[in-house]
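Here are some notes for a colleague who has not looked at this entry before. Please read them beside the sequence and the coordinates.

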Amino acid sequence: MQTLLETVGTGGPAIEDAARLAAFQARIDAEVKIEPNDWMPAAYRRLLIRQIAQHAHSEIIGMQPEGQWITRAPSLRRKAALLAKVQDEGGHGLYLYAAAETLGVTREALVDQLLSGAAKYSSIFNYPTLSWADIGAIGWLVDGAAIMNQIPLCRCSYGPYARAMIRVCKEESFHQRQGYDIMIRLAQGSAAQRAMAQDALDRWWFPCLMMFGPPDGESVHSDQSIRWKIKRFSNDELRRKFIDATVPQARYLGLAIPDPALRFDAASGHFSHGPIDWAEFHAVVRGEGPCNRERIAVRRAAHEEGGWVREAALAYAAKRARRAAA
């Protein structure tokens with residue numbers, strides 16, 4: 001509040017803005033949803049656009065690593081399930097772009113930011129899928145981490161985002177079950193299949209822990225996001241919840257978590273984990289991951305190839321508008 005007053009002076013507008021900020025925070029604290037036509041601080045709008053856009057971009061880019069295995073699925077049943085899952089991810093991106101548009105940003109602008117590299121998406125999708133077991137690991141671990149992060153978003157203070165997340169989380173729960181079912185079959189299979197499952201867990205475990213973001217003391221936006229109830233838990237809290245839920249699942253599968261420092265702390269009732277390579281995380285975020293260039297190149301190509309569809313849709317909409325005006 002003091003910063004606001006110093007910025008705009010000590011006259012009427014500052015008092016008015018301070019009152020608005022206080023009233024806004026009171027609504028947040030009272031668990032009243034903020035809707036598109038409600039007044040909101042510019043910083044709240046910017047923070048939401050950034051988070052929702054990054055979430056939408058992640059859903060769209062996230063179609064690629066699994067989509068590569070649709071034609072190589074081991075059975076028709078697995079192929080149909082994977083095809084449905086990839087289609088769901090595309091739908092999630094559309095829900096989220098629509099939610100972002102309620103904040104005054106256009107979908108075209110968001111897509112341009114993704115294609116230009118100005119916008120980020122989840123670092124996890126810049127890792128390759130080397131075997132069919134990776135599809136199981138993504139469903140079990142990546143979607144499991146996503147669910148841990150996204151269920152609290154169903155109570156996000158911004159109404160359109162919270163409502164979009166309800167359906168997203170329901171569908172993600174099926175994706176996680178699908179992935180875990182793949183891992184069960186592999187873990188109960190031949191020695192080669194069990195080795196494939198363990199290899200996938202070894203490669204995806206720590207990147208999944210990185211999905212929750214940097215440690216709390218290093219997270220730039222987390223504190224403000226929690227104050228405004230966009231997020232409900234800190235990065236480290238969500239990471240701990242994920243580990244606590246996932247370690248027993250791995251043990252049921254007979255697979256070993258690739259962390260020799262992993263310990264259960266009886267005093268706290270939680271697992272403690274070994275060091276995470278945050279240098280790797282930041283390198284992937286900077287665009288230096290194994291598949292960063294490939295993911296964006298594929299997305300750009302798809303965008304260009306679909307240009308005629310967008311032009312046709314716009315022409316049809318313009319034609320209908322002219323008829324309606326006549």
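How many helices and strands make up the secondary structure of the chain?

1. The model is a predicted one. Its chain has 14 helices and 2 strands.

2. On overall form, the C-alpha trace spans about 75 × 65 × 35 Å along the principal axes of the chain. The radius of gyration is 22 Å, which agrees with the value near 20 Å that a compact globule of 326 residues would have.

3. Helix H5 covers residues 76–101 and helix H6 covers residues 107–116. Their axes come within 9 Å and cross at roughly 120°, which means that H5 is oblique to H6.

4. Which residues bring these two helices into contact? From H5 they are Leu-94, Tyr-97, Ala-98, Ala-100 and Glu-101, and from H6 they are Arg-107, Leu-110, Val-111 and Leu-114. By class, this contact of H5 with H6 has 7 nonpolar and 2 charged residues, with no polar ones.

5. The second largest pocket has a volume of about 500 Å³. Its lining consists of 16 residues. Those nearest the pocket centre are Arg-107, Val-111, Arg-299, His-303 and Arg-310. Arg-107 and Val-111 also take part in the contact of H6 with H5.

6. Which helix gives the most to the lining of the second largest pocket? That is H6, with 5 residues. At least two residues each come from H5, H6, helix H13 (292–305) and helix H14 (307–325).

7. Sorted by class, the lining of the second largest pocket has 9 nonpolar, 2 polar and 5 charged residues.

Conventions. Residues numbered from 1 in each chain as written. Predicted model: local features only at pLDDT ≥ 70, side-chain atom pairs only at ≥ 80, totals over all residues. Heavy atoms only, no water. Axes fitted to C-alpha atoms, helices over the stretch in contact; angles between N-to-C directions. Helix = DSSP H or I, 4+ residues; strand = E, 2+ residues; numbered from the N terminus. Parallel < 35°, antiparallel > 145°, perpendicular 65-115°, else oblique. Contact = heavy atoms within 4.5 Å. Nonpolar A, V, L, I, M, F, W, Y, C, P; charged D, E, K, R; others polar. 1 Å grid on protein atoms, 1.4 Å probe; cavity = no way out; pocket = protein on both sides within 12 Å on 5 of 7 lines; lining within 4 Å. Points joined across faces, edges and corners; volume = space filled by probe spheres on them. Rg over C-alpha atoms; globule rule 2.2 N^0.38 Å.
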